[in-house]
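Please keep the sequence and the model in view while reading.

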Amino acid sequence: MIESLYESNCPALKLLARGKVRDLYEVDQDTLLFVATDRISAYDVIMKSPISGKGKILTQISQFWFAHLADIVPNHLVTADIDQMPAAVQQYRDQLQGRSLLVKRVDVLPVEAIVRGYITGSGWKEYQQSGTVCGIELPQGLRESQKLPRPLFTPSTKAEYGEHDENIHPDRCAEIIGKARADEVARVAVALYAKAAEYAASKGIIIADTKFEFGVDKQGNLMLIDEALTPDSSRFWPAASFKVGRSQESYDKQYLRDYLTSIGFDAQTPIDLPPTVLDNTLKKYIEAYVKLTGNRPELN
């Protein structure tokens, strides 16, 4: 049986934050520790039930993409090998093995870089109402799940826990982080998406959209941070069953979202999830990992 970790406890390290999934610790002045727990959120609400092994899968998928995309932009990963981490971290091996990243400390940009290759989710809802996505005009007559003429950079604000991210126009992104940096983020994010989408397509997966986060190091260089192209930050669709004009089957949190919708979830109150939902969600994550990498995730 896979042991779950709902919340890490590393008292010798300074806890900086607990996010929806990750716990963030300070290791020293130059490095941080990202711990991917087995928490799962939907509609910005953390569920009461963990999905055992999910954090390890997310960590391994991010490692894969960091390596695959390293020629486009540097990333913040120092090591995922706990044997190469400081002794202060290694003492918590039982908790951290396989679900932790030692990363460079950078200044985090206060926007999320969302790239959409297909029209779905909140983008589809907005398009139906106004013919736009994040205020960007699109051609008339698009259908649900249709591939966009080109990948679209649609940033959002980064909300505090309990609040909702807000989709914003790229011009607003430029106001927040400066035009030169916003242009760089848009260019890099679209390049990352394009390379990842091409690779995934060769493995039978459509990446409908994804969310990147970026930081800036002491020398002013842009760096890819946080996670990369996981089922938590992306919509993965099986190409074999793809059909324009409807919602799609998926390898991501959409299964959980669909369950919550079916029970009339209020999008506010954390709830316990039934074992079948936990098991089936985990199976989706494992299937995505196997298809993308050709390997089974290490969950023990």
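The questions and answers below concern a predicted model.

Q: Why is Cys-10 called buried?
A: The word buried applies under 20% relative accessible area. Cys-10 has a relative accessible area of 2%, so Cys-10 is buried.

Q: What makes Cys-134 buried or exposed?
A: Its relative accessible area is 6%. Because the cut-off for buried is under 20%, Cys-134 counts as buried.

Q: How do you know whether Cys-134 has a bond to the closest cysteine sulfur?
A: A disulfide requires two cysteine sulfur atoms within 2.5 Å. The closest cysteine sulfur to that of Cys-134 belongs to Cys-173 and is 11 Å away, so the two are too far apart for a bond.

Q: How many disulfides does a search of the whole structure find?
A: The search finds zero disulfides.

Q: Why is the protein called as compact as a globular protein of its length?
A: The secondary structure comprises eight helices and 16 strands. The radius of gyration is 19 Å, and the globule rule gives 19 Å for 300 residues; the two values are close, so the protein is as compact as a globular protein of that length. Along the principal axes, the C-alpha atoms fill a box of roughly 60 × 50 × 40 Å.

Q: What percentage of the 300 residues is buried?
A: Buried residues make up 49% of the 300 residues. The protein exposes about 14000 Å², of which carbon and sulfur atoms supply 47%.

Conventions
Residues are numbered from 1 along each chain as its sequence is written. This is a predicted model: local features need pLDDT of at least 70, side-chain atom pairs count only at pLDDT 80 or more; totals for chains, interfaces and linings use all residues. Side-chain values use heavy atoms; hydrogens and water are left out. Buried means under 20% relative accessible area, exposed over 50%, partly exposed in between (1.4 Å probe, protein chains only). Helices (H or I, at least four residues) and strands (E, at least two) are DSSP runs, numbered from the N terminus. The radius of gyration is taken over C-alpha atoms; the globule rule is 2.2 Å times the number of residues to the power 0.38. Accessible areas come from the Shrake-Rupley method with a 1.4 Å probe; for residues, only the protein chains shown count as cover.
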